[in-house]
Amino acid sequence: MNKAVVTVVGQDKPGIIAGVAANLAQHQVNILDVSQTIMDDIFTMSMLVSLTQLDKQFNLLQDDLNALGEKLGVEIHTQREEIFKAMQQV
């Protein structure tokens with residue numbers, strides 16, 4: 001399965017989870033697993049997502065999520081799962 005990891009970090013405020021989830025759903029990206037926490041007013045979230053039905057190129061999804069991050073005032077990073085696996089083998 002084609003997967004990616006999405007991380008979100010920034011000042012906590014309402015709508016972050018909803019905004020990211022809605023953006024992913026618009027691109028037919030399924031959330032497989034999610035972990036989120038708030039540490040001293042700093043919101044952090046990691047998601048494992050499936051790209052199997054992605055409606056556009058991966059780099060365009062990254063661009064859309066980066067733009068959403070700017071709108072929400074958070075940093076959103078998206079990396080393919082293969083990158084993490086390759087880093088473990090080094």
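The chain exposes about 5600 Å², and carbon and sulfur atoms supply 51% of that area; accessible areas come from the Shrake-Rupley method with a 1.4 Å probe, and for residues only the protein chains shown count as cover. Please note that this is a predicted model, in which local features need pLDDT of at least 70 and side-chain atom pairs count only at pLDDT 80 or more, while totals for chains, interfaces and linings use all residues. Residues are numbered from 1 along each chain as its sequence is written, and side-chain values use heavy atoms, with hydrogens and water left out.

Of the 90 residues, 33% count as buried, where buried means under 20% relative accessible area, exposed means over 50%, and partly exposed lies in between (1.4 Å probe, protein chains only).

I turn now to the fold. The chain holds three helices and four strands, arranged along the sequence as β-α-β-β-α-β-α. Helices (H or I, at least four residues) and strands (E, at least two) are DSSP runs, numbered from the N terminus. Along the principal axes, the C-alpha atoms fill a box of roughly 35 × 30 × 20 Å.

Is Leu48 buried or partly exposed? Its relative accessible area is 24%, so Leu48 is partly exposed. Beyond its neighbours within four places in sequence, Leu48 is in contact with several residues, among them Val5, Ile31, Leu32 and Glu81; contact means heavy atoms within 4.5 Å. Leu48 and Ala21 are 27 residues apart in sequence, and their C-alpha atoms lie 12 Å apart in space.
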